[in-house]
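Here is a short briefing on one protein model.

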Amino acid sequence: MTHIINIVILALLMALSGCARSGPHPYQSISIQSRNPERAIQFARQAAELIETDPIKAEQLLRESLSLDLYCGPAHNNLGVILLNRNDLYQAAAEFEWARKLMPGQDDPRVNLAITLERAGFVDDAINELISARETSKHSLEIAQPLAWMQLRYDKTNQDTPEMLRLIAIRSIDAQWQAWAIDSLSRMK
């Protein structure tokens, strides 16, 4: 019996040592000298152009970007989009959290996180994330559209919902969003 336990322990130690040599993990801490933020942004931009047409290549570029600079917010956000499209909600949410912290003035990570939370069934958290984002971007169409949509879909409207619907009806360049907002406003009266 002791012999079997020793073999199991030895196998675990070998596996662990193999993991340590398997190369750097994109979220592994790297030294300031080895960071390359400019190159990371280049990879992130290339990946952004490929997300719709070649998500596998885009993911490779984004992971390379993060290996060059862990603090590249756009790479985290776009990797989150790929993971969300793949329905890997937990990992997508983690990437959007990174992006949200690294890009505090940007709406995209917060909207993407809210969409992820809504898909995962955390509707109240999703709506609260968008309400919080709207506090700093009151006239953001990018925030108003998903927030108003979620509020109406889940019957969680508030006093700001009509204002957001008017914003969508007036400022959206998408005819479907405009029609939806106008119809929704007429139903609220």
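In which helix is Thr-116 found? Thr-116 sits in helix 6, residues 108-119. The model is predicted: local features need pLDDT of at least 70, side-chain atom pairs count only at pLDDT 80 or more, and totals for chains, interfaces and linings use all residues. Residues are numbered from 1 along each chain as its sequence is written, and side-chain values use heavy atoms, with hydrogens and water left out.

**Overall make-up**
- The protein has ten helices and zero strands. Both are DSSP runs numbered from the N terminus: helices are H or I with at least four residues, strands are E with at least two.
- From the N terminus on, the elements read α-α-α-α-α-α-α-α-α-α.
- Of the 189 residues, 38% are buried. Buried means under 20% relative accessible area, exposed means over 50%, and partly exposed lies in between (1.4 Å probe, protein chains only).
- Take the contacts (heavy atoms within 4.5 Å) between residues at least 6 apart in sequence: 49% of them join residues at least 24 apart.

**Thr-116**
- Thr-116 has a relative accessible area of 2%, so it is buried.
- Neighbours within four places in sequence aside, Thr-116 touches Leu-84, Leu-89, Ala-92, Ala-93 and Phe-96.

**Helix 8 and helix 9**
- The axes of helix 8 (residues 141-153) and helix 9 (residues 161-171) come within 9 Å and cross at roughly 130°. Axes are lines fitted to C-alpha atoms, for helices over the stretch in contact, and angles run from 0 to 180 degrees between N-to-C directions.
- Helix 8 and helix 9 are therefore oblique to each other. Under 35 degrees counts as roughly parallel, over 145 as roughly antiparallel, 65 to 115 as roughly perpendicular, and the rest as oblique.
- Helix 8 contributes Leu-141, Ala-144, Gln-145, Leu-147, Ala-148, Gln-151 and Leu-152 to the contact, and helix 9 contributes Thr-161, Met-164, Leu-165, Leu-167, Ile-168 and Arg-171.
- These contact residues divide into nine nonpolar, three polar and one charged. Ala, Val, Leu, Ile, Met, Phe, Trp, Tyr, Cys and Pro count as nonpolar, Asp, Glu, Lys and Arg as charged, and the others, Gly among them, as polar.

**Aromatic pair**
- The count is one aromatic pair. Rings of Phe, Tyr and Trp (its six-membered ring) pair if their centres lie within 6.5 Å; planes under 30 degrees apart are stacked, over 60 edge-to-face, and the rest tilted.
- Trp-177 and Trp-180 form an edge-to-face pair, 5.4 Å centre to centre with 90° between the planes.
- Both lie in helix 10 (residues 175-188), three residues apart, about one turn of the helix.
- Trp-177 is partly exposed at 25% relative accessibility, and Trp-180 is partly exposed at 24%.
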